[in-house]
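Biologist: I would like to learn how to read salt bridges in a protein model. Please show me the structure.

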Amino acid sequence: MNYYRKEVALMESKIRHLEMIQGIINRMAGNSFALKGWAVTLVSGIFVLSGKDTDKLYFLVAYIPVLIFWFLDAYYLLQERLYRSLYEKIRTTDEKDIDFSLKVTEIEFDSKNNCFCSCLFSKTILGFYIPLAMVCTVIIIVTHI
């Protein structure tokens with residue numbers, strides 16, 4: 001009976017550890033969503049503040065937040081992927097061998113998907129920031145012709 005209680009306690013600890021990791025993954029996904037919102041807001045604000053009478057180079061400032069948020073979003077996607085790898089590792093590890101660590105590194109979870117370049121050029125990141133940059137380009141062209 002005592003052995004059964006110990007096994008149940010170990011399983012509950014593993015579940016709590018997985019819940020902590022899932023919470024981190026959810027926060028990373030939320031950060032990514034918020035960054036996309038901020039990117040659109042800042043780019044829109046820059047275009048609203050710049051008028052027809054301003055210098056043409058002023059419009060190029062709109063690309064700065066696009067690039068900054070693109071890199072930040074890729075960083076959060078990388079962190080999310082690393083924590084998903086940790087989740088998978090913990091899920092398949094025996095309860096007795098879990099150290100309850102939340103440490104993730106690109107070296108520990110080395111794979112093709114778990115690198116910054118892979119995240120920077122992922123479909124979800126490029127599918128948002130490339131069209132945003134293209135909209136910036138179109139607005140610059142239309143307002144200065």
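Modeller: Here is a short tour of charged side chains. This is a predicted model: local features need pLDDT of at least 70, side-chain atom pairs count only at pLDDT 80 or more, and totals for chains, interfaces and linings use all residues. Residues are numbered from 1 along each chain as its sequence is written, and side-chain values use heavy atoms, leaving out hydrogens and water.

Biologist: How many salt bridges does a search of the whole structure find?

Modeller: Side chains of opposite charge can pair when their charged atoms come close. A salt bridge is a side-chain nitrogen of Lys or Arg within 4 Å of a carboxyl oxygen of Asp or Glu. The whole structure has five. One of them joins Arg84 and Glu80, at 2.9 Å from N to O.

Biologist: Why are Arg84 and Glu80 separated by about one helical turn?

Modeller: Because they sit four residues apart in helix H2. A helix here is a DSSP run (H or I, at least four residues), numbered from the N terminus.

Biologist: Which parts of the chain does the pair Glu95 and Lys14 link?

Modeller: Glu95 and Lys14 form a salt bridge, with the closest N and O atoms 3.7 Å apart. Glu95 is in the loop between H2 and helix H3 (116–120), and Lys14 is in helix H1, 81 residues apart. Both are buried, meaning under 20% relative accessible area (1.4 Å probe, protein chains only).

Biologist: What about Arg81?

Modeller: Arg81 lies in helix H2 (residues 63–92). Arg81 is buried yet has no salt bridge. The nearest side chain of opposite charge, Glu80, is 7.5 Å away.

How values were computed: Helices (H or I, at least four residues) and strands (E, at least two) are DSSP runs, numbered from the N terminus. Buried means under 20% relative accessible area, exposed over 50%, partly exposed in between (1.4 Å probe, protein chains only). Lys and Arg count as positive and Asp and Glu as negative; His and the chain ends are not counted.
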